[in-house]
Amino acid sequence: MSTAPSPKDRPEPDSPWAPLAARVFRALWVAQLVSNIGSWMQTVGAQWLLVGHGAALVTLVQTASSLPVVLLALPSGVLADRYDRRTVLLVAQFAMLAVSTALTVLAFADALTPELLLGLTFLLGCGTALMGPAWQAIQPELVERRQLGQAAALGAVNMNLARALGPAVGGAVVAAAGAGWVFAFNAASYLGIAAVLMLWRRPRTQAPTAQGEKLLTALHAGRRYVWYAPGVRRVLLRTLLFIPGGAALWSLLPLVASRSLGLGSGGYGLLLGAVGAGAVGGAFVLPAVRRALGANGTLAAGALVFAAVLAVLATTRLPWLAVGALLPAGLAWIGVLSTLNTALQTRLPGWVRARGLAVYLLVFQGGQALAAPLWGALADGLGLTVSLLVGSGLLVAGAVSVRRWPLHGTDAIDPTPSDHWPVPPLLFEPGPAEGPVLVSVAYRVGPGNRAAFTDCMDHVARSRRRTGALTWGLYQDGNDPDRFIENYLVASWAEHLAQHHGRVTATDRRHEERARRLLVPGTVPEVTHAFDTAEGPVVPEKCVSVPPVGELGEDTVQVDVKALRPRGHE
């Protein structure tokens with residue numbers, strides 16, 4: 001099954017449907033649509049079975065679905081970076097099939113208590129948590145990088161089209177035949193994605209860079225990358241400022257349907273369907289909206305629209321008005337989510353993509369999971385109207401904050417691996433676990449370039465830390481003001497080799513080159529590698545000379561390690 005579209009069938013690059021020309025993306029998109037419809041049917045069935053048990057239990061359905069992401073997103077990201085992502089996705093599909101089958105059997109046997117329902121919903125959420133980072137991380141393998149924005153929007157269209165169809169169908173099926181049949185459909189829906197994944201001839205990719213890492217080491221590497229990537233952190237902040245208020249709609253909509261509007265399960269499905277229909281229609285206008293408003297304008301406008309929708313739901317008792325208000329909510333939701341997802345996908349390099357996306361899913365789904373019971377408690381304590389108005393106020397505050405904390409531009413970001421660091425030609429071969437490794441780089445900088453050089457090295461510092469440095473420092477020689485020494489410590493030789501091959505990106509290389517242009521003409525950096533061990537120096541007595549190549553390019557002097565190892569730490 002090829003991923004490349006034929007030239008005659010390839011849509012224009014600006015078309016919102018361009019990614020569908022790729023066969024595997026299109027097949028997975030259709031299979032995911034069926035699966036998402038099944039998931040929404042299952043959600044409607046589960047929530048409606050609990051409506052008579054109070055607001056708290058109803059909102060716990062969303063918590064049970066989202067909380068596993070809080071617990072498993074980061075380990076799932078490690079698995080997706082460490083093992084074949086298609087295999088991870090297949091395991092998740094078959095695990096969710098087994099849980100859904102158990103849910104179906106219990107429902108038909110009339111043995112499904114609220115506790116069992118929430119417990120099995122939690123297990124389905126675990127499968128979703130396992131699948132999420134791997135699913136997001138394979139998108140750049142399915143479409144061109146320039147189409148990631150359209151692909152993210154189509155993913156949101158998929159979810160919202162399912163929201164338009166699934167709840168309406170699920171509500172009708174629950175009313176006519178009972179919840180067991182919606183659970184059965186959901187179980188069968190996982191087979192479609194599994195079939196497409198098994199038929200996908202995935203192109204040969206570079207071996208996962210986390211393959212030899214222990215779990216905690218890989219988790220720390222992902223956390224370190226996110227912490228030292230300002231653009232990624234800003235995407236997470238914008239997500240955090242939108243999700244708690246946005247979660248009020250999904251948490252409280254079943255109560256709006258039953259208490260404020262007096263609707264049954266079919267009416268609740270109609271309300272969810274209105275959100276989905278608005279999102280599907282919004283896919284046609286979203287490219288124009290982005291061109292007119294930009295990424296930050298789209299985020300602010302989406303939050304304001306969502307706030308207005310919550311205010312209408314808080315005050316209206318007319319079903320037709322509620323349906324009309326929920327249509328633009330779909331456009332706002334798809335606009336915000338696709339903007340955030342695209343901003344993140346274009347920033348993350350392949351070696352840490354799944355872990356970075358796992359952190360995003362942790363903030364996104366975890367925010368919903370933690371906010372849902374709070375909205376339920378607030379609705380029970382202060383009333384549904386007050387809860388919806390509070391959510392509206394949070395969204396307005398989030399929209400205003402875009403001016404203070406906007407998304408950073410992506411024009412200068414290129415996460416393509418840059419293999420411009422040759423392997424250091426040491427006089428001995430260190431073991432992969434040997435370390436820590438102290439890397440020192442000495443530069444000569446003219447008096448007129450010192451301030452500019454230190455500014456450039458701030459970017460280099462973040463690059464070193466993102467790719468593996470535990471500590472970093474830049475020092476000026478007290479006896480020679482033109483001489484600057486960069487020191488950074490890497491946990492092991494394997495970690496440092498990973499910096500050489502796979503972790504350093506084209507953006508990192510650009511920052512290094514800017515700093516090097518400020519050096520004294522005719523000089524090159526000098527690089528040394530020193531190993532800390534209690535065993536003393538292990539350099540062989542007979543050594544051979546090595547050519548002068550080094551860390552920052554072919555014209556960098558490589559100073560070989562000799563007896564630079566201290567005997568201990570007395």
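## A buried threonine

Thr 507 is buried, with a relative accessible area of 9%. That value falls in the buried class because the class takes in residues under 20%. Keep in mind as you look around that this is a predicted model.

## Aromatic pairs

Now let's turn to the rings. There are 12 aromatic pairs in the structure. One to look at is formed by Trp 250 and Phe 306: the ring centres are 6.5 Å apart and the planes meet at 55 degrees, so this pair is tilted. Trp 250 belongs to helix H9 (residues 230-260) and Phe 306 to helix H10 (residues 265-315), so the pair ties together parts 56 residues apart in sequence. Are these two residues buried or exposed? Both Trp 250 and Phe 306 are buried.

The ring pairs also build a cluster, and you can trace it through Phe 242, Trp 250, Phe 306, Trp 333, Tyr 360 and Phe 364.

## A charge over a ring

One more ring is worth a visit. Which residue places its charged end over the ring of Trp 227? That residue is Arg 233, and its charged end lies 5.6 Å from the ring centre.

Key: Residues numbered from 1 in each chain as written. Predicted model: local features only at pLDDT ≥ 70, side-chain atom pairs only at ≥ 80, totals over all residues. Heavy atoms only, no water. Phe/Tyr/Trp six-rings, centres within 6.5 Å; stacked < 30°, edge-to-face > 60°. Helix = DSSP H or I, 4+ residues; strand = E, 2+ residues; numbered from the N terminus. Buried < 20%, exposed > 50% of the residue type's maximum accessible area, 1.4 Å probe, protein only. Lys NZ or Arg CZ within 6 Å of the ring centre and 35° of its normal.
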